[in-house]
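Work through the exercises below with the sequence and the structure at hand, and try each task before you read its solution.

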Amino acid sequence: MMEKMSEENTEEVNVLEAQIERLQAEVAALQRQQQDNQKDITFHFRGQMQDAMSYMCGQRQEGDNVIMLSRLRDEVEELEEDLQQQTQINGINLKSCTTKTLQSSGRKMVQQLCVSGRCSELAFQVEFQLSEVKKDQGSERTISDLNVVMDASNLQNFSSFLSGVEESRDLLLFFRTLRTYSDRCDDRRRTFQHFQEKYPTVVSLPAGFRSEVMTLNHPELPGCVFFIHWTVEVSREGRVMPKIELLTKIPERALQLFPSQDVGGAAEAFQGLLRILGPEAALEAVIMAVSLSRDT
């Protein structure tokens with residue numbers, strides 16, 4: 001009896017020892033798997049952290065630098081193309097823009113801006129303060145202390161308008177009128193240059209292509225001079241108005257030779273030609289008359 005019980009106990013012990021060995025093997029396998037997982041996680045995390053720290057410190061790999069520079073280059077090219085398109089559309093070529101923050105709080109910001117550029121041959125610099133106040137439904141921007149600086153040597157007809165713009169603080173009106181004024185001045189320059197090149201013996205431009213006066217004379221009629229005075233006037237409200245006049249300078253002796261001719265009526269006749277033919281055709285008709293020929 002005792003021997004039988006002893007054999008049964010021995011079998012149970014063997015079974016338990018086998019179970020313990022299997023459990024120990026499973027635990028060891030799980031521990032190895034956990035260590036491997038930790039190594040993978042640590043390696044992956046360490047790599048990401050190193051990349052992040054390198055990025056923050058500016059120590060990117062060469063390939064990443066190339067990609068970043070390429071993206072920045074593409075963005076700059078897009079901005080340059082957009083600026084070029086805007087310049088072609090509105091005719092305003094901006095050279096610089098500086099901003100200085102004068103006040104910054106939770107609901108209000110005040111900045112001092114200085115913008116400089118060119119519109120055709122006209123250089124300008126605009127300084128103003130921009131205030132932005134945040135409200136419940138958005139924000140409100142206002143302009144104050146507007147100051148426009150331009151070369152006033154040939155802008156006598158523009159000065160009154162500039163004073164009005166500074167008082168009204170209407171930047172949109174300034175740039176729109178500046179473009180129109182510049183276009184009309186360019187029309188005059190092209191017309192004067194065309195006739196001076198086409199009729200060099202009759203037409204002269206003492207002050208250059210951008211002057212307001214074109215002189216007409218003939219080598220065989222010394223002292224007889226016709227002046228085309230072409231101005232571009234700008235009202236205080238921004239209305240651009242080209243004004244073309246014909247002025248004469250004829251010696252008194254020449255007038256006595258043709259007492260029946262009303263030379264003083266040439267200016268009125270020229271205004272009629274302007275209304276009917278337009279500036280270019282009217283000017284060419286006068287030039288042909290002064291040259292005393294139909295094909296100079």
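**Exercise 1.** Describe how helix α6 and helix α7 are arranged relative to each other in this predicted model.

*Solution.* Begin with the axes: those of α6 (residues 266–277) and α7 (residues 279–291) come within 7 Å and cross at roughly 140°. An angle over 145 degrees would count as roughly antiparallel, and one of 65 to 115 as roughly perpendicular, with the rest oblique, so α6 is oblique to α7. As for the handedness, the crossing in which α6 passes α7 is right-handed. Next, look at who makes the contact: α6 contributes Phe-270, Leu-273, Leu-274 and Leu-277, while α7 contributes Pro-279, Ala-281, Ala-282, Leu-283, Ala-285 and Val-286.

**Exercise 2.** Classify Asp-145 as buried or exposed, and say where Asp-145 lies.

*Solution.* First locate the residue: Asp-145 lies in strand β4, which covers residues 138–150. Then take its backbone, where phi is positive, about 55°, although Asp-145 is not a glycine. Finally, the relative accessible area of Asp-145 is 53%, and because exposed means over 50%, Asp-145 is exposed.

**Exercise 3.** Carry out the steps of the previous exercise for Arg-169, which has a positive phi.

*Solution.* Arg-169 is found in the loop between α3 (159–168) and α4 (171–198). Its phi is near 55°, a positive value in a residue other than glycine. With a relative accessible area of 41%, Arg-169 falls between the limits of 20% and 50%, and is therefore partly exposed.

Terms used:
Residues are numbered from 1 along each chain as its sequence is written. This is a predicted model: local features need pLDDT of at least 70, side-chain atom pairs count only at pLDDT 80 or more; totals for chains, interfaces and linings use all residues. Side-chain values use heavy atoms; hydrogens and water are left out. Axes are lines fitted to C-alpha atoms, for helices over the stretch in contact, and angles run from 0 to 180 degrees between N-to-C directions. Helices (H or I, at least four residues) and strands (E, at least two) are DSSP runs, numbered from the N terminus. Angles under 35 degrees count as roughly parallel, over 145 as roughly antiparallel, 65 to 115 as roughly perpendicular and the rest as oblique. A crossing is left-handed if the near helix is turned anticlockwise from the far one by less than a right angle, and right-handed if clockwise. Contact means heavy atoms within 4.5 Å. Buried means under 20% relative accessible area, exposed over 50%, partly exposed in between (1.4 Å probe, protein chains only).
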